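Please walk through this assembly with the model open beside the text.

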There are 6 protein chains.
Amino acid sequence: MEDRYSKGLKNLKKIHPEASKALIESLKNIAPDLGRFVVEFAYGDVYERGGLDLKSRQIATLAALIAIGDTKPELKDHIKGALNVGCNRQEIIEVIIQMAVYAGFPRAINGINTAKEVFEEIDNEK
Amino acid sequence: MEDRYSKGLKNLKKIHPEASKALIESLKNIAPDLGRFVVEFAYGDVYERGGLDLKSRQIATLAALIAIGDTKPELKDHIKGALNVGCNRQEIIEVIIQMAVYAGFPRAINGINTAKEVFEEIDNEK
Amino acid sequence: MEDRYSKGLKNLKKIHPEASKALIESLKNIAPDLGRFVVEFAYGDVYERGGLDLKSRQIATLAALIAIGDTKPELKDHIKGALNVGCNRQEIIEVIIQMAVYAGFPRAINGINTAKEVFEEIDNEK
Amino acid sequence: MEDRYSKGLKNLKKIHPEASKALIESLKNIAPDLGRFVVEFAYGDVYERGGLDLKSRQIATLAALIAIGDTKPELKDHIKGALNVGCNRQEIIEVIIQMAVYAGFPRAINGINTAKEVFEEIDNEK
Amino acid sequence: MEDRYSKGLKNLKKIHPEASKALIESLKNIAPDLGRFVVEFAYGDVYERGGLDLKSRQIATLAALIAIGDTKPELKDHIKGALNVGCNRQEIIEVIIQMAVYAGFPRAINGINTAKEVFEEIDNEK
Amino acid sequence: MEDRYSKGLKNLKKIHPEASKALIESLKNIAPDLGRFVVEFAYGDVYERGGLDLKSRQIATLAALIAIGDTKPELKDHIKGALNVGCNRQEIIEVIIQMAVYAGFPRAINGINTAKEVFEEIDNEK
C-alpha cells in the first residue's frame with residue numbers, strides 16, 4: 001500500500017505543489033480514506049501510468065471538469081496543475097474556449113472566469 | 001462567410017475524412033444551418049485557432065464527450081479523429097481510463113466499449 | 001384525487017394523443033403509481049396551471065430534454081406533443097439549434113436526428 | 001388536497017424539522033405552489049409510500065444529489081434529514097465516498113466538504 | 001465578419017441591455033475571442049434567425065440553463081433578458097416550476113431562488 | 001496488490017455473480033487495467049469498507065446511476081446486484097420512483113423501463 005501512496009504523493013506534489021497538502025488536510029478529520037484514495041488511485045494508479053504525458057492528462061482533466069460543471073475548486077487546482085506540468089496560459093484558454101462547442105457557452109464562460117481568477121491570484125503572489 | 005466555411009471544411013476533412021460528409025449530409029434536409037454552424041464555428045472558428053495543437057484539441061474533446069455522456073456517435077467520430085491527427089490507441093485509452101477519476105467508472109467503461117467498437121471497425125476495414 | 005387525475009389525463013391526451021396510452025400501459029404492471037404521478041402531478045398539477053400557454057410549455061420541455069441528454073423516448077413524444085399544441089416543424093428545429101449554444105453541439109445534433117426520425121415517422125403514417 | 005398536504009407536512013417535519021419552515025417560507029412570496037408541490041408530491045405522495053424505509057430513502061437522495069451536482073443547499077438539508085431518520089455520520093460519509101466510483105472524485109470531494117460544514121454546524125449548535 | 005458582429009451586438013443589446021457590456025468587458029483581457037463568439041455565433045447567427053420569436057427563444061434558454069445546473073450568472077442574465085423581450089414574471093416562474101417535472105425539484109427550487117434574487121434587484125433599482 | 005484484488009473479486013462475485021466475469025472479459029483485450037481498477041478500487045477499497053451495509057450501498061448506486069443518465073448497462077447490472085444483496089423488487093422500484101423528485105420524471109421512467117427489462121430477463125430464465 002505504501003508504494004502506491006508514495007508514488008501518488010510524488011505525482012500529486014509535482015502537479016499540485018500547493019494544493020496537495022490542503023486537500024489531504026481538509027479531508028483528514030472527516031474522511032481521511034477519501035484523501036488516501038485520491039493519492040493512491042487517482043495519482044498513484046492513474047497518473048503514474050505511462051502512455052500519455054502529464055500535460056495531455058491535465059488537458060483532459062480541464063476539459064472534463066469544465067464539461068461536468070459545479071467543480072470550481074477542482075478546476076482552480078487543475079488550472080494551476082496544468083501550468084505546473086508545462087501548459088501555458090494560452091493553451092489553457094484554448095481548451096476552455098473549445099468547450100463552448102462541446103458543453104455549451106455557459107460552461108466555457110464560467111471556465112474562463114475561473115481561469116481569470118487563477119491567473120490573477122498567481123500574478124498577485126509575484 | 002465563404003472563408004470561414006472553407007477553413008472549417010478543410011479542418012473537418014483533415015480530422016474526420018469519412019464522417020465529415022455524412023454529418024453534413026444527414027443535416028442537409030432538416031437543419032442545414034446546423035451543419036453550416038458546425039463547419040463555420042466549430043471547425044472554422046475554434047479548431048482553426050492557433051495556441052493548441054490539434055492532437056491536444058482532440059484529447060480535450062474526447063474527455064468532454066465521455067464526461068458529458070449520451071454522446072456515442074460523436075465519441076466514435078472523435079476517436080477516429082484523434083487517430084487521424086496523431087493520437088495512438090494507447091493515448092486514447094489513457095484519456096478514457098482517466099475519466100474514471102473525474103466522471104466516474106460508468107462513463108469510463110462505456111467510453112472504453114465505444115473505443116473497442118471503433119478499433120474493431122478500423123481493423124475489419126483493413 | 002379523481003379530479004387531478006381527470007384533469008391530467010385530459011391534458012396528457014391533448015398533448016400526446018398517441019403516447020398517453022402507451023406510457024400508462026407500459027408502467028401498469030411494474031410501477032402504476034409512477035404513471036399516476038405523471039398524470040396527476042406533471043399533467044394535472046403543472047400543465048393545468050395558467051400563466052404560460054401550452055406551446056411555450058412544450059418549447060421549455062424540448063429545451064430541457066435536449067440539454068439533459070439520454071432522454072430520446074421522451075424527446076420523441078414531446079416533439080410530437082409540440083406539434084400537437086401548435087408548434088410548427090421550423091420552431092422545433094430552431095429550439096434544437098439554439099441548444100448548441102447552451103448545451104453544446106453534440107446535444108443539438110442528437111436532438112436534430114431525433115426530430116428527423118419523428119418527422120419521417122409522421123410523414124410515413126400519412 | 002388537504003390530505004396529501006397534511007401527510008406531506010408531517011413527513012417533511014419529521015425529516016427536516018428545521019428546514020421545512022424555511023423552505024415553505026422562502027417560496028411563499030414568489031412561487032407558493034412550488035412549495036405546495038414539494039409538500040404534496042415529494043413528501044405527501046412519494047415519501048409517504050411504503051416499500052422502502054425512510055433511512056434508505058435518504059441514502060438514495062444523498063447519492064442522487066451528489067451525483068447531480070450544483071445542489072449544495074439541498075444536500076445540506078438532506079444530510080441533516082438523513083441524521084434525523086437514523087443514519088449516523090459514518091453512513092453518510094460512506095455514501096459520499098462511494099460516489100467517487102459512480103460520479104467521479106470531484107463530486108465526492110465536494111460532497112464531503114458539504115458534510116463537514118453540516119457536521120460542524122451541528123456541533124457548534126450544541 | 002463585421003456584419004455578424006454588428007447583428008449580434010444589436011441582438012445582445014436588445015435582450016441584455018445591461019449585461020452585454022459587462023460580458024464583453026469581463027472577457028476582454030483574457031479571452032476576447034470567446035466574447036466575440038458569443039456576439040457573432042450565439043447572438044449574430046442563432047438569435048438572428050427567424051422561425052422562432054425572441055420570447056420563445058428566451059423560454060427555451062431559461063429551461064436549458066435550469067436543467068443544466070451550475071449556470072447561476074447566466075440564468076440571472078437570461079431572466080432579465082426574458083423580461084426584456086416580453087415575458088412577464090409569472091411566465092418565467094411557470095417555466096421554472098415546470099422544470100421540477102423534467103430536471104427534478106432541486107434544480108427548480110434553485111431556479112426560483114435565482115429568479116427571486118433578480119426580481120428583488122429589479123425592484124430595488126426602481 | 002493481490003490482496004485488494006482478491007477482496008474486490010470476492011465482493012464483485014457476491015454482488016454480481018453473472019456480470020463480474022463478463023465485465024473483466026470485455027475489458028481484457030482493450031483496457032485490462034480499467035477492469036483491474038474496478039476490482040481493486042471500486043470493489044476492493046470501497047465496497048470492502050465497513051460502516052454501510054451492502055444493501056444500502058446498492059441503493060445509493062442505483063440512485064446515482066439513474067440520476068446521472070446514460071448508464072443503462074451498469075444500471076441493469078446493479079439492479080441485479082441489488083437483488084443479490086437483499087433488496088426486493090419493490091424496494092428497487094421505490095428508489096427509482098423517488099428519483100422523479102430529484103432527477104426528474106424522464107430519468108425515473110427510463111429507470112423503471114430498465115428495471116422492467118431486468119425483471120423480465122430474470123423471470124424468463126426461471
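What rotation superposes chain A on chain C? A rotation of 180° does it, with 0.0 Å of shift along its axis and an RMSD of 0.0 Å. The superposition is by least squares on the C-alpha atoms of residues with pLDDT of at least 70 in both copies. The two copies are thus related as by a two-fold rotation axis. Look for A:Gly104 there: in chain A its C-alpha is the nearest to the axis, at 1.9 Å. Both copies use the same surface, and 100% of the contact residues of chain A recur in chain C.

A word on conventions. This is a predicted model, in which local features need pLDDT of at least 70 and side-chain atom pairs count only at pLDDT 80 or more, while totals for chains, interfaces and linings use all residues. Residues are numbered from 1 along each chain as its sequence is written, and chains are lettered from A and ligands numbered from 1 in the order in which they are written.

Now the interface of chain A with chain C. Here 6 residues of chain A are in contact with 6 residues of chain C. Contact means that the C-beta atoms of two residues, placed from the backbone, lie within 7 Å. Two elements of chain A give two or more residues each to this side: α6 (89-103) and α7 (105-125). The largest share, 3 residues, comes from α6(A). Such helices are DSSP runs (H or I, at least four residues; strands are E, at least two), numbered from the N terminus. By class, the chain A side has 5 nonpolar residues, 1 polar and no charged. Nonpolar covers Ala, Val, Leu, Ile, Met, Phe, Trp, Tyr, Cys and Pro; charged covers Asp, Glu, Lys and Arg; the others, Gly among them, are polar.

Turn to chain B and chain A. In this pair, 25 residues of chain B are in contact with 25 residues of chain A. On the chain B side, α3 (32-46), α4 (54-68) and α6 (89-103) give two or more residues each. That side divides into 16 nonpolar, 5 polar and 4 charged residues.

Next, look inside one chain. Chain A is assigned domain 1 (1-49) and domain 2 (52-126). These bounds come from an automatic or database domain assignment. Over C-alpha atoms, the centres of the two domains are 20 Å apart. Between them, 5 residues of domain 1 are in contact with 7 residues of domain 2. The domain 1 side has 4 nonpolar residues, 1 polar and no charged.

Finally, two local views. In chain E, 11 of the 15 residues of α3(E) are buried, among them E:Phe37, E:Glu40 and E:Asp45. Buried means 20 or more other C-beta atoms within 10 Å of the residue's own; exposed means 12 or fewer, partly exposed lies in between, and C-beta atoms are placed from the backbone. In chain C, C:Ile24 lies in helix α2 (residues 19-28). C:Ile24 counts as partly exposed because it has 17 C-beta neighbours inside 10 Å. Its C-alpha is 7.8 Å from that of C:Arg36, 12 residues apart along the chain.
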